[in-house]
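Subject: Structure handover and notes

Dear colleague,

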Amino acid sequence: MPTAEPFKITLKNGEEVKVNDHVYCSPSWGVRDGTPYSIARIMEFLPAQGTPTFDKNGNRNEPITRARLAWYYRPSDVSDRTVADCRLLLAAIYSEVCELSQLRSKCYVLHRDRISDLAGWKKRPDRFYFTRLFDPWLRKEFEVIPATTVRNVPEHIREVLISRYEYIVAEREVVPDYTDDLRLCDTCEKWCPPAESLQCDRCKKFFHMECVNPPMLSKPSRGYGWTCAPCSRAHEEEVEGHEVRHLTPVAPKPKTNAPPARGRGRPRKDRVLAEKEENVEIKHFKMWPFRYFGLYTFAEDTLDPDDLIFPRAATRVGPKYQANVPPSPSTADRPTDVEERGGDATIEVLSLVNAMSPAEAEALEKQKQLLTRNDKLKCSVDWLTEVTFRLTDAWLNKRDFSTVSMRSPMRLQKWKKTETRYTDKDWSAEEVAAFEDAIQMHGAELRAVREEVGTRPMPEVVRFYGHWKNSKLGEENKRIRAARENGLDEKAGSTTREATPDEEEGSIVMEPPRNVSCGACRTRESEAWWKAPKGLATSVLCDNCGLSWRKYADLNVRPVREEIISKAKPGDKREGTPLNGPHSKRAKSTPPPVAPQLRCVACQRNGPVGKVLRCKQCQFRVHSAACGVTPDPSTMDSWVCDLCQNEKTLEASLIPDCLLCPRLRRDPKKKLIYPPPDSYLRACKPTEGQAWVHVLCSVFIPEITYSDATRLRLVEGVSAIPQYRWQNNCTLCDREDGAVIQCSECPAEYHVSCAWKHGHKFGFEVQPVKHSRRETATTVEWKGNTGQMVPSVICKGHIGHKRQLFDICDTNDLGETSLQVYCRNYKQAPIAQTHGLLRKARRLDKILHASLGDGSSTASVDGDSMQSTADPHCYRCQTEYSPFFHEVTNTAQGEAKSWLCHKCHAETRKTYPVIIGLGAS
């Protein structure tokens, strides 16, 4: 086996490293894509793949080309929380084999308890420390403590742990138990494992749960204590004798091997001590310095040298985590009309070229070349797969190969009902520009890229990303080959410094542009410029920032001012250079094409296609969340609004008038679109009676609810609107028909549509809720504000109001608009409790009961109350049957209350002239 003398390897920078040394590891710049270096510990050196490490004589096989590395994580790699200390790492029981060419330089990593002067340690370069371990499979962090601090275990187990491992990995809650003194059961005098023992709350003695009488099946719940039998009897005697309870003895603090606390002031600079800490020997057992010894470990298992050292979790065996799968159906239970899968008849044959004769295969290849003249298609995997499938299908059906055509991109696959494309639709220039802008902004986070593109589903974005990246690499390789043919080497040495291994990997910017500045500190002077990660103001970093980012993943980014005002020379013009000026004065760079934007008529803000929808028929444009539409990338181009769709389906009324707004009589000779598509009032939703209401009216009138608040359908509760909303006149149009709402700042009342036409402010306000009403009120959290969301409309004349209103299309971090959040929490009808027809009947019952209750008694002349008829009747036509009775004041009966049926009420209502135009009121 290997000799006692350590085997060393010399890195490219001249440093020598051996097993258990810590190094920076990173592939080339193109592979790591701007991420900082990884930090790892060398576990062993390995020869080329397929070659054993040692030969039969115990000598190491050479050459050494690989190394097994145990990784460390940075806190930013495993969570989104910000950590100010860039020298803090997370250990891991995870290893990989990497090439020696990826090792950059040497560094030092120690546990916190091994460092006496942490401040001085962090001031030195390439120094790191760790206190916790992260398990990548459980996605959980564990505490790492020295093995010598574990005292609450049997002596023979403790000796094994200390002799093998330097550290112990355990959960945070069990660390105080293991670092305490040895705990013995007061009954059997054997060791008490923390998971199987109890501690008396009075005498502080420990017992096995099975040693107490009666035995305890589980520990007390959190917040509850337990007392042994003697202490319980003593407590009863104290209560009966009215004795004062003595103070409970306090257990001494557990001992620790951590360095004592230093006094305040400057830390001492002990260079000799620091060098000793760097070269301290760490015990390793089977190449690992620690093992798991926590909640789910049996202490005796640690004696086995082959026991697994990885962290563990609770068992997943049982009905809570496993499904109860019923027995598979027999052959007799299978339906007769369903074809059994797995046979030759259910297989979709993609290619049978291997079963053809040489002449047939040659004819197939000739026909394949004749089907297209596009060289790119002949190299396309999708096209080759489809053409082979179609030619094979023709061969199976005894048809000539000349009958095969590739003009149609659609095909009908087996087990599918509709035709699908065998290849993706070509990307337009606008989509490619939006894709490249999103890649520059988000990198390889393709979900965010798909949101920016908006018109393509996720599978197409992934496939296009692969083709796009391959084309970029092809262009770069073509440029390198052309440079080599001309005798140039783009990776030659720089004029400022000697070549380093990093320059060979492409991290150095060989020819920085003029007037370049660092993307982090904004400096313009540096000996070398390094490529910067994505998301910074510029694409380069200075030497100091590049070193800080590569090694420590730390950048002190200086914020960029929004407007940089430069002092103009006296002779220069203040205006920009016109397009017809000299070519030398024009801009050198051409901006990339901008993704198509659509303006929403609700918020008057632009948005990408997909977030802002455009009706294919009437050109109505609105944010998808403002009209209750869940965007589908496949049907984005063919979307139509609800009113245009109803013209084809005829599911609701063809009269698009809103039930909550005053009736507008339009000129039938003018065939105009109503509501107009350039207004948000075009967004309408059907009611439970197949009529229509504006989305704006249904949202801002509190009595209205939806059967499906996500899609804002169907509108319910029009009959539940109180009578005063219908009787009060609008202060804007002076009409008494239609439901009105009140301004949040003044007593003015108006229709919702009238307020929108006059430019009043619409929004949602998050009002705080009193502590006594928090249990009953529905509260939401919106942009840091927690409370009850209330819709508010404010007259445009109230300029100095102090209300914080969120616009209809304002979004939170999850991409939800304020209108969506309000409707989901306050506008959803209780559909799980009752049926829609039953809810409507209950609302009508309330109206009828209210009408009967108000009309059941009248006042007499002498002040006595006299009981009238139980059912109201119309004083005009004397009928007793009507869906609704309107209360009126009859002057003929001396200002007494009377009733008017709905028919007579409609006949006696005021008539209005014909209104020409759509926006008039």
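The notes below go through cysteines, aromatic rings, one histidine, a pair of helices and some backbone features.

Please keep in mind that this is a predicted model, in which local features need pLDDT of at least 70 and side-chain atom pairs count only at pLDDT 80 or more, whereas totals for chains, interfaces and linings use all residues. Residues are numbered from 1 along each chain as its sequence is written, and side-chain values use heavy atoms, with hydrogens and water left out.

Let me begin with the cysteines. A disulfide is a covalent bond between the sulfur atoms of two cysteines, and it is counted here when a pair of cysteine sulfur atoms lies within 2.5 Å. Searching the whole structure with this cut-off gives 0 disulfides. The sulfur of Cys733 has its closest cysteine sulfur in Cys730, at 3.7 Å, which is too far for a bond, and for Cys743 the closest one belongs to Cys795, at 3.5 Å, again too far for a bond. Cys733 is buried, with a relative accessible area of 13%, and Cys743 is buried at 5%; buried means under 20% relative accessible area, exposed over 50%, and partly exposed in between, using a 1.4 Å probe and protein chains only.

The aromatic rings come next. Rings of Phe, Tyr and Trp (its six-membered ring) pair if their centres lie within 6.5 Å, and planes under 30 degrees apart count as stacked, over 60 as edge-to-face and the rest as tilted. The whole structure holds 25 aromatic pairs. One of them joins Tyr178 and Phe293, a tilted pair with 5.0 Å from centre to centre and 50° between the planes. Because Tyr178 lies in helix H5 (residues 175-178) and Phe293 in the loop between strand S13 (290-292) and helix H8 (358-370), this pair ties together parts that are 115 residues apart in sequence. Helices (H or I, at least four residues) and strands (E, at least two) are DSSP runs, numbered from the N terminus. Tyr178 is buried at 7% relative accessibility, and Phe293 is buried at 1%. Elsewhere, Tyr680, Phe700, Trp756, Phe762, Phe764, Tyr822 and Tyr826 form one aromatic cluster.

His751 lies in strand S27 (residues 749-751) and is buried, at 0% relative accessibility. Leaving out residues up to four places away in sequence, His751 touches several residues, among them Cys730, Cys733, Arg735 and Asp737, where contact means heavy atoms within 4.5 Å.

Now to the helices. The axes of helix H11 (residues 429-442) and helix H13 (residues 458-485) come within 12 Å and cross at roughly 80°; axes are lines fitted to C-alpha atoms, for helices over the stretch in contact, and angles run from 0 to 180 degrees between N-to-C directions. H11 and H13 are therefore roughly perpendicular to each other, given that angles under 35 degrees count as roughly parallel, over 145 as roughly antiparallel, 65 to 115 as roughly perpendicular and the rest as oblique. The residues that make the contact include Val432 and Phe435 of H11 and Phe464 and Trp468 of H13.

Finally, the backbone. Most residues other than glycine have a negative phi, and most peptide bonds are trans. The peptide bond from Asn213 to Pro214 is cis, with omega near 0°. Lys286, although not a glycine, has a positive phi of about 55°.
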